[in-house]
Amino acid sequence: MSVGYTWVQWSPTKRRYDIIATIGIIAFLAIFVIVGKVMWTGASAIGDEVLIIRALGSCALVLLHVVLCIGPLARLDARFQPVLFNRRHLGVMTFLVALAHGVLSIGYYHGFGVVNPLVSLLTSNTQFTSLQAFPYQLLGVAGLLILFVLAATSHDYWNKVLSATIWKRLHMGVYVAYVLLVAHVITGSLQADRGVLGAALVLMGVLIVGSLHVLTAVRESTHDRGSRGLLENGEHWIDVGAPGDIPLDRARTVCTPGGERIAVFNDSGAISAVTNVCAHQGGPLGEGRIIDGCITCPWHGWQYRANDGCAPPPFKEKIATHQVRILSGRVQVNARALPPGTKTPPALLQNPEGPNHG
Ligand code: HEM
Ligand code: FES
């Protein structure tokens, strides 16, 4: 939630993560240069400039993999959730390292001729039909441009201006950038003296990113299919489970026949339900917790009151709520979403922390 504009949104935790990430980047670059000096000797020896260009490019690509893995990891294991809070800062750092790689590459490979370096970059190789000589640097340029757009619009200001839906769609462009940059490295590696090791490592990275995303999707769709319900007077009531199944100050999520997810929270024994979609950037509220009496989004910490879906003052965001009831010892939630900010009475548990047969 943002009431005023600040260039960078830092908190002590974010600052700590940023320091750790910066140390990690410096360590990666140093280790790459040292290993590179040992590895590339004799006939395959390379100059310091090329070594630094390779170190920066590899560092940016590793960072991009980390950024893409954080989402699914946090969904598979809640212990990764704190890292989600810092994902945007890590994304901006990825762009800055990639920018350094791109600028140095343009200077080194295109800066010594009579042609303007940017013109040379765009026109010196146009062999688009050849795999052996494909202009792989242009793939890097396209990937870098997308990373720039994402970094430039990463601030909450743009989320507000563009709306959460458009902002989210725009930031899905990270996957387009990823494909372009994987192609940049693979085609570049295969046609240079770097051999197939680089390409093999990148393919391993693709496998890790891909399998984590598939695993998360399979797990979520299996969970969604498990949501049972009954139709009563035209209203669809979905079974959430026994009251004791919802952990204290946490939620259980269920899925409506229309595919929308609902987060049903146990707020100290009062069961309330809200949409699972955070108003900020669509974070999964059901994976969050009740902190200081409010549902707290696991992604960036926006908060909402469980009984009416309103953010606590001075914030003004509102999310949809759902009716809940306890019938024959089962918690049920109405699939029909109420307008954002609608107050609904919670279903009260007799024993907030244990099995309940209300
Ligand atoms: C203006 C944009 C870019 C240009 C002109 C460019 C250019 C280059 C060049 C010339 C090389 C080969 C260097 C050599 O070993 O001789 C290279 C390799 C590489 N680039 Fe880029 N690149 C750009 C963007 C990117 C971006 C955005 C990323 C990743 C986020 C990236 C990642 C890499 C990687 C991982 C390598 C291979 C390094 C290695 O083999 O050790 N590049 N790039
Ligand atoms: S998505 Fe950012 S706080 Fe919920």
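**Exercise 1. Work out which helices build the shell around ligand 1, and what kinds of residue sit there.**

Step 1: start with the helices. At least two residues of the shell around ligand 1 come from each of α2 (48-76), α4 (87-110), α6 (136-152) and α9 (173-190). (Helices here are DSSP runs of H or I, at least four residues, numbered from the N terminus.) This is a predicted model, where local features need pLDDT of at least 70, side-chain atom pairs count only at pLDDT 80 or more, and totals for chains, interfaces and linings use all residues. Residues are numbered from 1 along each chain as its sequence is written, while chains are lettered from A and ligands numbered from 1 in the order in which they are written.

Step 2: look for the main supplier. That's α2, with the largest share, 8 residues.

Step 3: list the neighbours. Ligand 1 has 29 residues around it, the closest being G57, A60, G102, S105 and G140. (A residue counts as near if its C-beta atom, placed from the backbone, lies within 6 Å of the molecule.)

Step 4: sort the shell by class. You get 15 nonpolar, 12 polar and 2 charged residues. (Ala, Val, Leu, Ile, Met, Phe, Trp, Tyr, Cys and Pro are nonpolar; Asp, Glu, Lys and Arg are charged; the others, Gly among them, are polar.)

**Exercise 2. Describe how domain 1 touches domain 2.**

Step 1: Domain 1 covers 12-223 and domain 2 covers 230-348, by an automatic or database domain assignment. Their centres, over C-alpha atoms, are 38 Å apart.

Step 2: count the contact. Each domain puts in 9 residues. (Contact means C-beta atoms, placed from the backbone, within 7 Å.)

Step 3: find the helices on the domain 1 side. α3 (81-84) and α8 (164-171) each give at least two residues, and α8 has the largest share with 3 residues.

Technical notes: Two residues are in contact if their C-beta atoms, placed from the backbone, lie within 7 Å.
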